[in-house]
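Please keep the sequence and the coordinates in view while reading.

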Amino acid sequence: MGGSFDTFCTFLGTYGKNINDLDKYSEAKSNLDFVERTLKWRHLAPTAPKTLTENSPPPALQNIYFEQSSILESIGLIHLFAGCYPFTDGDLFMIATCPHVFFVGSQDRYDNRLVKGSEGQPVRLIFIPKFCETGIAVVVI
């Protein structure tokens with residue numbers, strides 16, 4: 001097995017709610033424009049305060065959400081709901097490092113675009129369609 005990786009590839013992805021919300025409040029020729037804008041703005045969810053109630057925990061989790069948030073955080077669920085609330089230590093939606101691949105799930109169709117990142121590096125933007133409706137899966141090689 002030997003060898004080493006000279007480079008690495010970083011991925012950033014969302015389930016699509018942030019892009020769909022931008023479509024409600026702004027105009028673009030394509031929703032991929034919104035993905036490109038969030039990358040340029042370095043913020044995943046600029047409409048987050050407006051969508052606070054829409055991102056609340058589902059009824060099954062509401063009883064344990066506040067009492068046992070450490071458990072939810074350990075399995076990654078806290079980040080699905082907590083990001084819209086103010087935090088004193090920082091903003092969970094800020095994009096600290098420009099990714100090489102930025103994907104958005106739950107879209108109506110597959111689409112992609114190659115753009116330049118903040119330091120001129122190539123960034124692949126990818127729309128991943130709803131598998132249950134389209135039967136389409138996306139593989140990045």
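What does the accessible surface of the protein chain come to, and what percentage of it belongs to carbon and sulfur atoms? The surface comes to about 9500 Å², with 57% belonging to carbon and sulfur atoms; accessible areas come from the Shrake-Rupley method with a 1.4 Å probe, and for residues only the protein chains shown count as cover. This is a predicted model, in which local features need pLDDT of at least 70 and side-chain atom pairs count only at pLDDT 80 or more, while totals for chains, interfaces and linings use all residues. Residues are numbered from 1 along each chain as its sequence is written, and side-chain values use heavy atoms, with hydrogens and water left out.

The chain comprises six helices and four strands, arranged along the sequence as β-α-α-α-α-α-β-β-β-α. Helices (H or I, at least four residues) and strands (E, at least two) are DSSP runs, numbered from the N terminus.

The four strands form an open sheet in the order β1-β2-β4-β3, with mixed pairing; two strands pair if DSSP finds at least two bridges between them. Its edge strands are β1 (11–14) and β3, each of which pairs on one side only.

β1 pairs with β2 (residues 101–107) in the parallel sense over four bridges, and F11 stands opposite V101 in β2. By contrast, β3 (residues 111–116) and β4 (residues 122–129) pair in the antiparallel sense over six bridges, where L114 has R124 in β4 as its bridge partner. These two strands, β3 and β4, form a hairpin with five residues between them, and G120 in the turn has a positive phi of about 80°.
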